[in-house]
Amino acid sequence: MTAQAVTPTAVSKRARLWNRRQRTLAAIGACALLLITLVFGSWLIGDAGLNPVLTQRNQPPSLAHPFGTDWLGRDMLSRSLHGMSLSIQVGLLAASFSAVIGTGLGMIAGSFGGKIDAVITWIVDVFFSLPHLVLLIMIAFALGGGTKGVIVAVALTHWTNLARIVRAEVLQINSSNYVQLSHRLGHSPFWIAYHHMLPHVFPQVLVGLILLFPHAILHEAALSFIGIGLSPHTPAIGIILAEAMRHLSTGYWWLGVLPGLLLLLAVKAFDSLGENLRVLIDPKTSQL
Amino acid sequence: MLSVENFSVTFTMYDRGLVQKQLTVITDLDLEVRAGEVVAVVGSSGSGKSLLAHAVLGILPANAETSGRILFQGEPLSAARCQALRGRAIALIPQSIGYLDPLMTVGAQVCRVGQLNGLAKPAAKLVMLETFKRYNLASEVQHLYPFQLSGGMARRVLVAMAVVGQAELVIADEPTPGLHPDVVTETLNHLRELASEGKGVMLITHDIEAALQIADRVAVFYAGTTVEIAAASDFANGKLRHPYTQALWRALPQHDFIPVAGD
Amino acid sequence: MQLKRLAQFTVRKLIRLVLLLIAVSLFSFVLVSLSPVDPINAYVGAEMLQIGPEQRQLIAERWGLDQPMITRFWLWLQQLGSGNLGTSMIFNQPVGTVIANRFQVSLQMLAIAWLLSGLLGLGLGVLAGAYEGRWIDRTIRFYAYILASSPTFWMALLLLIIFSVTLKLTPICCAAPPGVLATDVTLGQRIHHLILPAVTLSIIGVASIALHTRQKLIEVLNSDYVLFARAQGETLWGIIRHHGLRNILLPAITLQFASLSELFGGAVLAEQVFAYPGLGEATVQAALRSDVPLLVGIVFFSALFVYIGNTIADLTYQIIDPRIRIGGL
């Protein structure tokens with residue numbers, strides 16, 4: 001194809017330096033390291049920089065305060081790191097719950113089939129036919145907001161994709177010859193589930209779980225941002241950005257831009273972690 | 001008309017662990033197609049015969065490298081010349097309707113060939129209708145989509161597409177896969193007809209029987225090259241030299257029906 | 001024959017819609033009944049201390065809040081049947097009216113964002129796919145990769161900082177200049193106010209459609225029929241014009257209609273940042289101030305909105321794809 005002029009030599013030069021699998025592993029390592037730093041970094045810093053220093057108010061980014069300071073003179077970098085850490089933890093918790101729901105329902109739908117499958121598939125469809133954010137707001141509202149509300153809302157709304165994937169996987173394995181044969185050989189359903197299902201479903205769930213994280217974190221931040229999520233007294237990243245919005249017209253751009261950048265970084269890191277793991281686990285791409 | 005000399009195609013591919021591998025699919029191939037004759041290139045499925053067609057048309061994938069010479073009407077077929085000639089002086093008859101745009105009516109696609117041959121749209125349409133008539137296709141066929149064509153109709157449409165332009169060389173790439181014997185004969189007769197009009201026809205097929213029905217000469221393709229180019233009559237006369245050719249001949253049901261080893 | 005199939009399609013879709021709406025209303029009411037929020041407190045707000053129990057009772061009766069949940073659900077379903085969604089507590093207007101008014105304000109913004117992201121996404125996707133592996137493809141992919149998951153509200157903040165605060169090109173909030181009566185707002189002013197929210201939404205929306213189009217075009221370019229088209233002497237752009245667009249348009253349209261759900265969610269966030277008084281902003285208000293009828297009404301409306309989008313997407317396939325239209329495959 002004339003347009004596909006990826007010159008083979010150029011590719012091979014880069015490839016020789018570092019092959020595909022090494023690059024994948026490196027990306028996984030880098031993302032994991034970054035995320036661990038984000039989660040535990042705030043513990044290391046402790047409360048330093050969180051107390052108001054009135055002489056240091058509204059400082060633009062500098063070496064002493066890379067993210068600047070806010071209207072109370074608090075260091076925005078440590079606030080953002082604390083907020084990010086909190087948001088990631090909330091997101092991880094919610095996404096894990098969600099993954100459990102998704103895997104469970106997917107397995108049930110795929111294994112039992114028939115009416116149960118139809119009902120679960122329909123529930124998934126119903127969830128897909130509401131805008132994600134509206135659903136989140138509704139559930140968070142019903143639970144009275146707060147940390148619990150956010151976690152439940154995110155957990156209840158993010159399982160659908162994973163449920164679909166797991167269901168499809170289970171259906172496919174169930175109809176495969178070796179499972180049919182296994183049944184005829186007299187293996188119990190549990191034996192089959194353990195020996196044939198688990199090895200196939202587990203990697204999917206793992207990757208699915210990790211790919212849930214970015215969505216969970218983003219939605220947690222969005223809920224907190226509009227004021228239905230974490231309480232305004234907890235320095236979650238969404239709260240920080242909502243505060244920044246109030247000081248927007250004053251021209252203190254760093255209050256909003258830099259914490260948001262941190263959020264984007266965290267989200268992308270999870271995304272990249274999940275995608276690279278998928279590449280590694282998926283037999284279609286793992287040998288590339 | 002077409003002569004291929006000392007021609008090789010090599011692919012650069014990734015081996016395991018990102019070591020690059022050179023895979024030579026066609027080696028030192030020689031072939032000549034003269035005006036007014038049908039030359040069959042016969043070889044087993046998946047042996048890379050189609051690549052020869054793609055090479056002549058200049059549509060090999062980007063990771064393929066070629067060496068040797070292809071001359072068309074006495075002049076080397078450079079990339080630019082290839083681009084100018086493909087679809088005009090050299091036409092392809094593909095394997096199946098899988099090679100037609102599934103969302104475009106047959107008529108529009110045949111017209112498009114005419115337009116690519118420099119005709120204005122109304123003129124292209126006229127030529128299309130004439131060609132349809134020639135191949136016994138009702139004019140309603142132009143409004144059909146590829147998935148609506150029957151096997152025989154599809155064959156005729158594909159042949160018609162090669163004829164809409166003023167092609168001098170027609171390359172038929174495996175034009176009779178899994179078809180009813182009557183349709184095979186019909187398609188082959190169409191090809192023979194094209195040769196009688198003075199066009200050169202290269203018939204690429206795995207079906208030696210079909211090839212012998214209409215070919216003037218048969219080039220036997222084995223291990224990436226033509227091991228033997230024999231006149232079609234040599235097959236029946238027992239004048240075959242290469243063991244693979246002999247094996248192919250003996251494998252036919254009406255002869256000894258001995259399977260070709262390693263096929 | 002064709003009419004019959006279309007009728008079947010419509011009936012099937014309507015049944016699904018009714019089922020969906022029942023599910024949504026049930027779901028909403030269960031959630032609301034679980035809610036610890038006392039709507040009376042939320043409604044009265046700061047004046048809570050000044051009213052007596054009788055007034056409380058009156059308010060409760062007026063909103064039907066004293067009834068048990070199942071009765072309320074029934075009442076509400078009956079009202080729905082007669083086309084009444086209840087009365088919004090914050091706006092003191094029928095929910096239907098509030099939603100209609102607010103949606104009208106949002107609609108222009110949503111429409112612009114939707115068209116812009118669709119066209120831009122298609123264009124960028126085609127460019128990236130046609131030049132797969134080249135720098136232009138890398139740039140577009142990088143853009144889409146970053147934007148596919150950047151927070152909408154942060155993007156809105158960023159644009160606000162750049163265009164409204166720093167460059168002062170666009171207004172900082174609202175759908176009209178402050179102090180101007182709604183009837184006096186000119187078209188120019190309206191566009192001036194909706195341009196930034198619309199651009200925010202389209203910048204984010206472009207990513208998925210571009211990536212999808214790119215993927216699809218690459219598939220098409222590697223197909224057998226494109227190989228044959230090249231053998232017929234088509235150039236790359238000839239192929240894209242005659243075969244590429246034809247084959248990628250259908251999935252692109254489907255995706256674009258299916259993206260209405262994302263768009264609606266994005267609008268909630270964007271309207272919040274730009275204080276744009278549309279339906280999204282009303283959603284947030286309803287949740288923050290416990291306006292249950294309005295919130296439930298919006299949930300309902302959004303389900304309908306998304307469902308219509310998905311149905312149109314299905315319908316385009318039925319109408320455009322000849323394999324389904326004629327072949328009934």
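Visitor: What makes up the count of helices and strands in chain C?

Guide: Chain C holds 14 helices and two strands, where helices are DSSP runs of H or I with at least four residues, strands are runs of E with at least two, and both are numbered from the N terminus. This is a predicted model, in which local features need pLDDT of at least 70, side-chain atom pairs count only at pLDDT 80 or more, and totals for chains, interfaces and linings use all residues. Residues are numbered from 1 along each chain as its sequence is written, while chains are lettered from A and ligands numbered from 1 in the order in which they are written.

Visitor: What makes a residue of chain C count as buried, and what percentage of the residues are buried?

Guide: A residue is buried if 20 or more other C-beta atoms, placed from the backbone, lie within 10 Å of its own; 12 or fewer make it exposed, and values in between partly exposed. By that criterion, 43% of the 329 residues in chain C are buried.

Visitor: How many residues of chain C and chain A take part in the contact?

Guide: Chain C gives 46 residues and chain A gives 41, two residues being in contact if their C-beta atoms, placed from the backbone, lie within 7 Å. On the side of chain C that touches chain A, the largest share, eight residues, comes from H13(C). That side divides into 34 nonpolar residues, 11 polar and one charged; Ala, Val, Leu, Ile, Met, Phe, Trp, Tyr, Cys and Pro count as nonpolar, Asp, Glu, Lys and Arg as charged, and the others, Gly among them, as polar.

Visitor: Why are strands S6 and S10 of chain B called edge strands?

Guide: The open sheet of six strands in chain B runs S6-S7-S8-S3-S9-S10, with mixed pairing. Strand S6 (90-93) and strand S10 (225-231) of chain B each pair on one side only, and are therefore edge strands, where pairing requires that DSSP find at least two bridges between two strands.
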